[in-house]
Structures are given as C-alpha cells and as structure tokens.
Amino acid sequence: MEVSSEDIKVISRLVDDLCGIVLDETKGYLIKSRLTRIAEETGCSTFSELYYKVRYANDKTLQTKIIDAITTNETLFFRDTTPFEAMRHKVIPDLIDEKAGTACPRRLRIWSAACSTGQEPYSMVMVLYELLPDAARWDIQITATDISDTAIRQASLGRYSDMEINRGMTSQMLAKYFNREPSGWKVKDEVRGLVAFRRINLLEPFVGLGPFDIVFCRNVAIYFSPEARRSLFLRLADTLTPSGYLFVGSSESLTDLGPRFAPHQHCRSIFYRPNKSGAAAPQACLAGAGR
Ligand SMILES: C[S@@+](CC[C@H](N)C(=O)[O-])C[C@H]1O[C@@H](n2cnc3c(N)ncnc32)[C@H](O)[C@@H]1O
C-alpha cells in the first residue's frame, strides 16, 4: 500500500492524539511498514480510509491495534545499568534512612511509567531483593504501566525468550530469579508479586496514582512533542513525594523545564528530585499508590 502526503498528515494527527507520538513527514516508511496489515485486514485501500474509520467509527479495538503497531517497545533488563546502580547504592539506602522513625519505615512506592514488556520493573525488583533479602516482608509496590496492551500482557506473564534474557540478565540473577520453561524463562512468583501492571496513557491525567518514592520514565518522552513532554514531566513531579526521585533515559535531560526539578548525580547516574514548592504532600501510611 502506498503512502501519500495526505496519508502521512492524517495518520500523524491520529497517532499524536492517541498516544502523543510525533511522526513527521519523513515517517511514511514507518506508517507503511507498521500499519499496512491493519489497513488491509480492516478492508481499507488507503491509510486515509483507515484514518476516517478510526476517527468516525470511534473503534476502540482498532485504536488499540494502531497504538500497539506504532509504539516502539525496545527495552532490556538493567537498561543503561547506572540507574539501577544508583537505586541500589544511593536511592534506596537514602530512602530507608529518611523513612526510619516515620509511621511507615518499610513502605516503598515505585512507578515504572512506560514499562514496555516488563524488563524495567522486574530489574527494579531484583535490585530490591539484592539489597533487602526480606523485601517480600516490606510494604513494597511497584506500579508498572504502558499504553500498549500487548506489551502489558507480556509483561504481566513474566515470560522471556533466551534472546530477551541475553539482553542484560546476568547468569547469577537468572539462576536466582527465574524458572526454566520449555520455550524460555519465567520470573519467579516472588518477583512477579511485587509488580502490578496497568494500561495507562501518559497523556491522560494521573488519577489515583502516587505519591511515589521513585519514578522511572525513560525513553518514552523522546517520541513526544515538546509540549507533551513538558506537560508529562511536570505532572510526574506532582506524583512524587517531596523526597522522591525521578529517572529519565540516558539521552534525556530535564534542565530546560525550569526549577520544578533539581538534577543530582551519583557516580555516572543523573536523576532528578522535585524542588520543594508545589511538590506532592507527604504520603499517608494507608493510602494506596497506583492500585
Ligand atoms: C522504548 S520503550 C521504553 C521502555 C522502558 N522504559 C525502557 O527505557 O527500556 C517506550 C514505551 O513507551 C510506551 N508508550 C508510548 N507512548 C505512550 C503513552 N502515551 N503512554 C504510555 N506509554 C507509552 C510504548 O508502548 C513503549 O512500550
């Protein structure tokens, strides 16, 4: 199926509205490679026809298929390494110190926003178990969210192929936290049990989410427009506790967003903490965080 400049215009607008991903006029090849099958299965002979079908029939199943096809779910275990080292050697120990003597000294709330197929939140759990062998007895919840139904489905199954395991997983961690299955590996229940997966569109208001001690929001805002990216990080700031931590991707920086975030460095890892004014209120012990 050929892609006309009108097709690129209308499909880009649709994709931007559905998930915030910006497709410029050079992305005709991406529309063609990722959406041709859906267009054909839907009986459309052009991409503009597909656009009108989604827009005016308001077909949610079709919208979901388009989101699944257009999103890039690239991820791996312990991606970039340094955020997980900072978590283990600085962030969690500091949070434990800060919480000592409070009403909820063993409570941690973490959000992996745009978690793709789950490697990021499961890597977090492994860091926690390495640091706190009795983590299962702590009050820890990791909320892991993504817009892609297919990604969330795979993530919550916790099943990975040999190839996915070979991307970032050490043999020592593999032996400790996974069970062998005929077609690959499955994370153990004690790892899976700390994570709650949900479908969340980061463009929409964060109703009932937070406050969080740590948020990872990595390698998703790079696909957004400057306005959507700015709005996302400012809203994320409001989901953090006043002493919370935000990690972004290794190619991302928040220094252009003004005083809402202060950058901090631990070894080779940069992370951000909210500046005091306007930050989320201290968490109440019994309040839920994302579930
Ligand atoms: C490249 S992956 C990043 C995964 C992981 N955070 C990492 O850094 O390895 C980007 C993810 O963002 C998700 N995504 C794209 N737009 C989104 C949106 N509007 N809301 C939530 N997730 C979105 C995609 O489905 C995809 O799984």
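Biologist: Where does Phe78 lie?

Modeller: This is a predicted model, so keep that in mind throughout. Phe78 lies in the loop between H4 and H5. Its backbone stands out. Most residues other than glycine have a negative phi. Phe78 is not a glycine, yet its phi is positive, at about 50 degrees.

Now take Phe77. The ring of Phe77 pairs with the ring of Tyr160. A pair of aromatic rings is described by the distance of the centres and the angle of the planes. For Phe77 and Tyr160, the centres are 5.1 Å apart. Their planes meet at 75 degrees, over the 60 needed, so the pair is edge-to-face. Phe77 sits in the loop between helix H4 (60–70) and helix H5 (82–99). Tyr160 belongs to strand E3 (residues 159–160). The pair therefore ties together parts that are 83 residues apart in sequence. In total, the structure holds 15 aromatic pairs.

Next, the ligand. Around the ligand are 20 residues. The closest are Cys19, Thr75, Arg79, Asp146 and Asn219. By class, this shell has 7 nonpolar, 8 polar and 5 charged residues.

Look at some contacts. A polar backbone atom of Cys19 is 2.8 Å from a nitrogen atom of the ligand. Asn73 uses its side chain: a polar atom there lies 2.8 Å from a ligand oxygen atom. For Thr75, an N or O atom in the side chain is 2.6 Å from an oxygen atom of the ligand. Taken alone, the ligand exposes 600 Å². The protein buries 99% of that.

One more backbone detail lies elsewhere. Most peptide bonds are trans. The bond joining Gly210 and Pro211 is cis, with omega about 0 degrees. Pro211 is found in the loop between strand E6 (195–199) and strand E7 (212–216).

Methods: Residues are numbered from 1 along each chain as its sequence is written. This is a predicted model: local features need pLDDT of at least 70, side-chain atom pairs count only at pLDDT 80 or more; totals for chains, interfaces and linings use all residues. Side-chain values use heavy atoms; hydrogens and water are left out. A residue is near a molecule or strand if one of its heavy atoms lies within 4 Å of it. A polar contact is a pair of N or O atoms within 3.5 Å; within protein, one must be able to donate a hydrogen and the other to accept it, and residues adjacent in sequence count only if both atoms are side-chain atoms. Accessible areas come from the Shrake-Rupley method with a 1.4 Å probe; for residues, only the protein chains shown count as cover. Ala, Val, Leu, Ile, Met, Phe, Trp, Tyr, Cys and Pro count as nonpolar, Asp, Glu, Lys and Arg as charged, and the others, Gly among them, as polar. Rings of Phe, Tyr and Trp (its six-membered ring) pair if their centres lie within 6.5 Å; planes under 30 degrees apart count as stacked, over 60 as edge-to-face and the rest as tilted. Helices (H or I, at least four residues) and strands (E, at least two) are DSSP runs, numbered from the N terminus.
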